[in-house]
Amino acid sequence: QDVEGKVAFITGGSSGIGRGIGLAFARAGMTVVISGRRQEHVDETLKEFADAGLSADAVLLDVTDRDAVERAAEETERRHGRVDVLVNNAGIGLTGPVMKATPADWDWLIDVNIKGVGHGIQAFVPRMRAHGQGGHVVNTASMAALMPIVAGLYSMTKAAVVALSEALAIELAPEGIGVSAYCPGPVHSNIAGAVANRPQQYGESGYTPPPAEFLERAKTQPYMSYVEAGERVLDGVRRNDLFILTHPEFKAGVQDRFDTTLAAFPDEPINEERAAAIPFLTA
Ligand code: NAI
């Protein structure tokens with residue numbers, strides 16, 4: 001689809017992948033509104049836009065606050081007249097063995113990575129439907145959704161985002177609203193520092209924050225740049241891709257998982273009578 005002149009709202013747009021998406025969108029002639037949680041990250045991002053000769057609007061927003069997300073959607077429409085593209089990108093990376101997670105770890109991950117996406121959809125999609133000119137929703141999941149062995153509860157939240165995106169894509173297609181599940185592999189960002197910035201209300205974590213050397217080392221790894229990660233999203237929106245994938249390194253692992261899934265079906269003929277009665281198959 002043609003993106004020029006469209007208005008996009010990007011959660012977690014003040015850092016890492018979200019910043020990259022904002023830069024790619026702005027370069028493509030879109031009006032970009034980024035939301036971030038920390039003022040210093042927002043300021044740094046706006047400076048990067050300005051240095052590149054681009055501009056963006058910015059709001060401070062915690063995606064776990066449903067009312068605040070609703071207010072941000074209202075404000076975006078008030079300032080820019082409409083909203084066409086929503087990127088539910090804000091997320092936290094808390095990884096480690098499932099059995100080490102405290103109840104607070106479960107809450108934080110689900111609140112941000114799953115319910116935060118829901119708040120975005122509930123606040124923004126009705127506005128796209130109302131103007132009737134279609135639109136697009138990108139939900140940032142992760143390769144960890146398609147290869148859930150790697151990251152415990154984080155994978156669980158990202159698999160939920162993929163399932164939600166698939167359902168929503170079918171539901172909104174008749175209205176010309178596309179939906180993409182974005183599943184990148186490793187990208188340069190501040191995600192490894194998320195644990196250190198955990199909001200106080202979530203209490204004790206069962207995971208130890210990574211040491212400062214690890215965070216520094218992550219910056220020098222040959223990961224994808226956030227700029228490139230953002231450009232991949234722009235391409236995916238233009239093509240209306242359901243899955244936006246970035247790292248072919250993971251293809252063999254995903255293949256293996258799907259082969260294992262398919263091999264688990266019982267090797268017996270389909271019961272035609274039963275099949276005809278299953279609503280999902282006949283719809
Ligand atoms: P990042 O930490 O640089 O950016 C995440 C953004 O989300 C930050 O702006 C942060 O302030 C924001 N955020 C966190 N909690 C929030 C809340 N409650 N309300 C509003 N904003 C909140 O990390 P990154 O890597 O750019 O993460 C973006 C998305 O990409 C996340 O959903 C992450 O799970 C996903 N992802 C990242 C990968 C990577 O290698 N960096 C790989 C696959 C997926």
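I shall treat the ligand site and then the helix packing.

This is a predicted model, in which local features need pLDDT of at least 70 and side-chain atom pairs count only at pLDDT 80 or more, whereas totals for chains, interfaces and linings use all residues. Residues are numbered from 1 along each chain as its sequence is written, and side-chain values use heavy atoms, with hydrogens and water left out.

Let us turn to the ligand. There are 27 residues around the ligand, and those that come nearest are Ser-15, Ile-17, Val-63, Tyr-154 and Ser-189; a residue is near if one of its heavy atoms lies within 4 Å. By class, this shell holds 12 nonpolar, 12 polar and 3 charged residues. Here Ala, Val, Leu, Ile, Met, Phe, Trp, Tyr, Cys and Pro count as nonpolar, Asp, Glu, Lys and Arg as charged, and the others, Gly among them, as polar.

Which atoms lie 2.6 Å apart at Ser-189? They are a polar side-chain atom of Ser-189 and an oxygen atom of the ligand. For Lys-158, an N or O atom of the side chain is 2.8 Å from a ligand oxygen. Asn-190 instead presents a backbone N or O atom, 2.8 Å from an oxygen atom of the ligand. On its own the ligand has 820 Å² of accessible area, of which the protein covers 94%, by the Shrake-Rupley method with a 1.4 Å probe.

I now come to the packing. Helix α4 (residues 103–131) packs against α6 at about 15°, with the axes 9 Å apart. α4 is therefore roughly parallel to α6, a term for angles under 35 degrees. Axes are lines fitted to C-alpha atoms over the stretch in contact, and angles run from 0 to 180 degrees between N-to-C directions.

Helix α3 (residues 66–80) also packs with α4, at an angle of about 30° and with axes 8 Å apart. α3 is therefore roughly parallel to α4.

Technical notes. A polar contact is a pair of N or O atoms within 3.5 Å; within protein, one must be able to donate a hydrogen and the other to accept it, and residues adjacent in sequence count only if both atoms are side-chain atoms. Helices (H or I, at least four residues) and strands (E, at least two) are DSSP runs, numbered from the N terminus. Angles under 35 degrees count as roughly parallel, over 145 as roughly antiparallel, 65 to 115 as roughly perpendicular and the rest as oblique.
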